Amino acid sequence: MGPLSVQEINLILDTAESMKAISARDIKKVPTLRGKSIVNFFYEPSTRTRTSFDVAAKRLSADTLSLSASTSSMVKGETLLDTARNLQAMRPDVIVLRHPSSGAPHMLAKEVEAGIINAGDGINEHPTQALLDLYTIREKMGRINGLKTVIIGDISHSRVARSNIIGLIKMGAEVTVSGPPTMIPVGIEGLGVRVVPDPVKAVRKKDVVMLLRIQLERQSKVLFPSIREYASYFGLSRKIFQSANEGAIVMHPGPLNRGVEISSEVADGPYSVILDQVANGVAVRMAVLYLLIGGAKGDNVDQGR
């Protein structure tokens with residue numbers, strides 16, 4: 001999200017508006033990217049992001065191919081760069097890459113001709129998730145500028161948090177982060193956020209409450225005493241949420257750990273926009289693909305560059 005200007009972010013969000021209308025039609029398909037080919041290359045498990053990119057490409061009539069690490073020559077010892085060069089030889093227009101190593105999409109963007117879209121790299125960034133979150137906030141709240149937002153959970157290991165902090169601040173929102181001190185990176189205030197460890201105080205008078213999944217798979221050691229204790233202190237209940245501003249919304253990038261970072265009552269409540277985030281993800285990724293290889297080839301909207 002760092003290289004994107006406010007103008008470029010608004011261009012993507014505005015383009016997503018028209019793309020969302022396509023998904024509401026009886027025939028959910030336009031010929032915009034007919035003849036273009038897109039490879040979804042995911043080294044980590046993914047339901048929402050991978051499916052979302054696949055649906056987005058198909059609704060624009062692009063040809064898609066999905067690969068995972070377990071079904072590629074990576075299991076035979078081939079490097080990421082060699083795999084990408086072999087894919088490049090088949091001349092795809094875009095490679096959508098998710099990789100556990102931070103910076104992998106940026107490395108590939110320098111080595112192959114195809115456009116590279118970062119679908120999540122290590123603990124670094126998840127830019128299209130941040131874009132769909134910004135789109136959802138703008139859609140539900142009517143604006144982003146001036147809103148008070150809070151992100152609660154495993155800030156240290158969350159690429160979603162990092163991209164959202166950058167995007168929200170760039171668009172004029174106020175950002176607070178909350179969670180166990182062991183999950184708050186030292187010096188994060190340097191990004192322009194306020195740290196409030198107590199979630200009860202952090203949620204008070206906020207317009208947007210964003211929760212994060214506990215990423216045990218990225219922790220070399222457990223950073224809190226127990227799941228039960230985490231849920232007791234940091235899980236979002238309706239009682240805690242009631243201190244937020246009237247009309248506030250609850251967001252979560254998924255997958256949910258019900259009863260841990262969020263109660264079912266909140267996840268399924270009227271203020272929850274979690275499924276709207278999923279729906280908007282298709283529109284935003286359609287916009288990113290369109291601007292990259294359809295409507296504005298050459299513009300600076302390539303998340304991986």
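Four strands form an open sheet in the order 2-1-3-4, with parallel pairing. Here helices (H or I, at least four residues) and strands (E, at least two) are DSSP runs, numbered from the N terminus, and two strands pair if DSSP finds at least two bridges between them. Strand 2 and strand 4 (115–121) stand at the edges with a single partner strand each, so one side of each has no neighbour in the sheet. Direction ignored, neighbouring strands of this sheet are turned by 15° against each other on average. Such angles are taken between axes, which are lines fitted to C-alpha atoms, for helices over the stretch in contact; they run from 0 to 180 degrees between N-to-C directions.

The model is a predicted one: local features need pLDDT of at least 70, side-chain atom pairs count only at pLDDT 80 or more, and totals for chains, interfaces and linings use all residues. Residues are numbered from 1 along each chain as its sequence is written, and side-chain values use heavy atoms, with hydrogens and water left out.

Strands of a sheet pair through backbone hydrogen bonds, either parallel or antiparallel. Six bridges link strand 1 (residues 37–42) with strand 2 (residues 63–68) in the parallel sense. Ser37 has Asp63 of strand 2 as its bridge partner. Between these strands the chain passes through helix 2 (residues 48–59), and this β-α-β crossover is right-handed; that is, with the strands pointing away from the viewer, the path from the first strand over the helix to the second runs clockwise. In the loop between helix 2 and strand 2 lies Ser61, which has a positive phi of about 70° although it is not a glycine. Strand 1 also pairs in the parallel sense with strand 3 (residues 94–99), over five bridges. There, Ile38 has Val94 of strand 3 as its bridge partner.

Another open sheet has five strands in the order 7-6-5-8-9, again with parallel pairing. Its edges are strand 7 (194–195) and strand 9 (249–251), each with a single partner strand, so one side of each is left without a neighbour in the sheet. Strand 5 (residues 148–152) and strand 6 (residues 174–178) run parallel and are joined by five bridges. Lys148 stands opposite Glu174 in strand 6. Pro255 lies in the loop between strand 9 and helix 10 (264–267). A cis peptide bond, with omega about -5°, joins Gly254 to Pro255.

Helix packing comes next. The axes of helix 2 and helix 11 (residues 274–293) are 8 Å apart, and the helices pack at an angle of about 55°. That makes helix 2 oblique to helix 11, because angles under 35 degrees count as roughly parallel, over 145 as roughly antiparallel, 65 to 115 as roughly perpendicular and the rest as oblique. Their crossing is right-handed. Residues in contact (heavy atoms within 4.5 Å) include Phe53 and Val55 of helix 2 and Val282 and Met286 of helix 11.

Helix 1 (residues 6–23) packs against helix 11 at an angle of about 115°, with the axes 7 Å apart. Among the residues making this contact are Leu11 and Ile12 of helix 1 and Val282 and Met286 of helix 11. By class, the contact has 13 nonpolar, three polar and one charged residues; Ala, Val, Leu, Ile, Met, Phe, Trp, Tyr, Cys and Pro count as nonpolar, Asp, Glu, Lys and Arg as charged, and the others, Gly among them, as polar.

Methods
A crossing is left-handed if the near helix is turned anticlockwise from the far one by less than a right angle, and right-handed if clockwise.
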